[in-house]
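Dear colleague,

I am handing over the structure below, and my notes on chain B follow it. Please read them with the model open beside you.

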Amino acid sequence: MDMRTAPAGALPKGALQHNSRVWFLPAFAWLFLLIAVPLAFVFILSLARRNPAGGIDWVLGASNYLRALDPLYLWIYWRSLLLALATTLICLLLGFPVAHFIAQQPSAALRNLLLFLVALPFWTSFLIRTYAWILLLRTEGILNNALIALGIIQDPLPLLYNNFAILAGLVYTELPFMILPLYTALERIDRSQLEASSDLGCTAWQTFWRVLVPLSRQGIVAGVVLVFVPSVGAYLTPDLLGGAKSIMAGNLIHNQFAVVRDHPFGAAIAFVLTVVVLVLLAISYRTTREHAEPRVL
Amino acid sequence: MPPVLEFQGISKSFNRQSVLRELSLSVNPSEFLTLLGPSGSGKTTLLRLAAGFEHPDTGKVVLRGNDISHLPPYCRRVNTVFQNYALFPHLSVSHNVAFGLRNLKLSKAEMQTRASAALDIVQLSSLSDRFPHQLSGGQQQRVAVARALVMQPDVLLLDEPFGALDQRLRQQMQQELKALQRRLELAFVFVTHDQEEALSLSDRIALLHEGRLDQIGPPDQIYNWPASRFAAEFMGIPNIFRLSDSKPEASGTRCQLDTGETFFVTSVVDGNQPRFLAVRPENISLSRMSLPGSNGDNVIRGRVRQARYLGSSVLWNVEVNSVVWVASELVNGSAGMGSLSVEDEVYLSWEPSRGVLLL
């Protein structure tokens, strides 16, 4: 390249591209060593067989996958899926108004403060926050005591160790992951587009469906993925807040490895769960791409 | 004919900052009215009050005789063309235009007829399947106009719609918009801070200053007879001089500048003592020699300090008693900078009927 004709401060193009590839290497190495390699190992392990001593016989076959289709396990997957869907839906319903409210604030300082508050729970250990829910929900917990003291109920409600507790815990944990991408999408929407909608005869509710939702779809999809994926594989929340009957896929996998010591079967379930999540991710990725929001000027 | 839109004694504040003060203004049917003023004069707020995005603190907004001051935007037969067009990026051109029709409870066939008629009006029928990001700035603006017109409003509001366009396209779109307004015989309320744009498009100009109506009238009146010092400055008169004295006479007013020169102007200011004299540069003629017996014109002598070439004319800065006067000389047809050069001694003369007295 003739440096004399290059504008001042411009880098030669080749140099920049070469450099940027080098910078990506650590990230690729990380992904390869810590995700691709273990996943391959899990897949191979899932084809092996448990021996009576709790060890592994390296006789490869699909028997673990056939076993994973047992109605007992299908029921657990189904419950996990439903709980994750319910979590996602509740997070969306709670998160959208919050994100919209934050995005509407004219003062940038206030917006940043509110976003900071949304992210504040991350400053405390996840484990401690989940134990806090036990204190809230248990039979002599804060919530039951308060309701009894107010005379609203006579006997404590069974709030802990059931699906309700899991749902409450999951929604609580995942809500920020819904609010943040929604906020990012809503904040980008030009206020005058909402005014234009109103100007053209739409009530606030019609504007919500006809302008706000379509224009924030990327944020909605991102939030749904970010909430649904961790929820469907949740382990700690159902373990601590759920009862013996409300087991989720994550606990099932954990049991195979830590309790039953059937590593190959645990690997098979884990792999199925991974594939299901990847398929869902691929679908959501395609829907966002196909209807990719054209940016205006 | 009664006015189609009226603002009656409107006051509006934001965070205790007064934006409009007791402002009254009416828009006549099928007139092109421009709200002109610098930023902060309240012109956009006034437009937003008409659209319903804001509501007045005191006073009324009246549309065809009905008080609409506190109606929401979706209940008003008034539509807006936004400054940045505010097209819906997720909808095609035809869906953008038909957006509001869905709220009018029309039949599908009628919706289509009206949407395509609106697209015809702005000559965009061939692009109806495109999306906003596939259109040029001028095309986007036409979509915005069609989207508002399709609602058949009583008044069309336009908020600096040419701000984002380059000079050439801007002039073309101005002509189109003016022609459209004539053809539709629809009242347009147009907001701009560009006085040339206001002069070339409007039937009447309402000049706003610090939330008040400074002056309202046809473009030539605003241009030639500004009623205040602000109006004179805003309409681009550089020659505004403080008066130390003025005396009404039979056929006009004799006035004296701070710097001592006396002039005679034919206009009179009723009751009050005028405080300023303004003369447009193009009303001042220059010559090297004082013309003898110059039929009562005001004549002063000065020295040329600077020349600015504008193509069809040259603006001369002439220093008179350490005060700068600006005179404009037409140079069309003749070559170069005209007859004068810097440091020449010149005589400035202007007719008494061209002097504007300001309060």
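How many helices and strands does chain B have? Chain B has eight helices and 20 strands, where helices (H or I, at least four residues) and strands (E, at least two) are DSSP runs numbered from the N terminus. Please keep in mind that this is a predicted model, in which local features need pLDDT of at least 70 and side-chain atom pairs count only at pLDDT 80 or more, while totals for chains, interfaces and linings use all residues. Residues are numbered from 1 along each chain as its sequence is written, and chains are lettered from A and ligands numbered from 1 in the order in which they are written.

Overall form and domains

The C-alpha trace of chain B spans about 80 × 50 × 40 Å along its principal axes, and 37% of its 359 residues count as buried (20 or more other C-beta atoms within 10 Å of a residue's own; exposed means 12 or fewer, partly exposed in between, with C-beta atoms placed from the backbone). Chain B is divided into domain 1 (5-229) and domain 2 (237-358), with bounds that come from an automatic or database domain assignment. The C-alpha centres of these two domains of chain B lie 39 Å apart, and the contact between them takes four residues from domain 1 and six residues from domain 2; here two residues are in contact if their C-beta atoms, placed from the backbone, lie within 7 Å.

Contact with chain A

Towards the other chain, 22 residues of chain B are in contact with 18 residues of chain A. The residues on the chain B side divide into 14 nonpolar, seven polar and one charged, with Ala, Val, Leu, Ile, Met, Phe, Trp, Tyr, Cys and Pro counted as nonpolar, Asp, Glu, Lys and Arg as charged, and the others, Gly among them, as polar.

The six-stranded sheet

An open sheet of six strands in chain B has the order β6-β7-β8-β3-β9-β10, with mixed pairing, two strands being paired if DSSP finds at least two bridges between them. Its edge strands are β6 (78-81) and β10 (212-217) of chain B, each of which pairs on one side only, and neighbouring strands of this sheet are turned by 20° against each other on average, direction ignored. Within it, five bridges join β3 (residues 32-36) of chain B to β8 (residues 187-192) of chain B, which run parallel, and Leu33(B) stands opposite Val189(B) in β8(B). Helix α1 (residues 43-51) of chain B packs on the sheet, and its direction makes about 145° with that of β7(B); axes are lines fitted to C-alpha atoms, for helices over the stretch in contact, and angles run from 0 to 180 degrees between N-to-C directions. Helix α4 (residues 137-149) of chain B lies across β6 and β7 of chain B, running at about 175° to β6(B).

Strands β11 (residues 239-249) and β12 (residues 252-257) of chain B pair in the antiparallel sense over six bridges, and Lys247(B) stands opposite Arg254(B) in β12(B). Finally, Leu310(B) lies in the loop between β16 (298-309) and β17 (313-320) of chain B, and Leu310(B) is exposed, with 9 other C-beta atoms within 10 Å.

With kind regards
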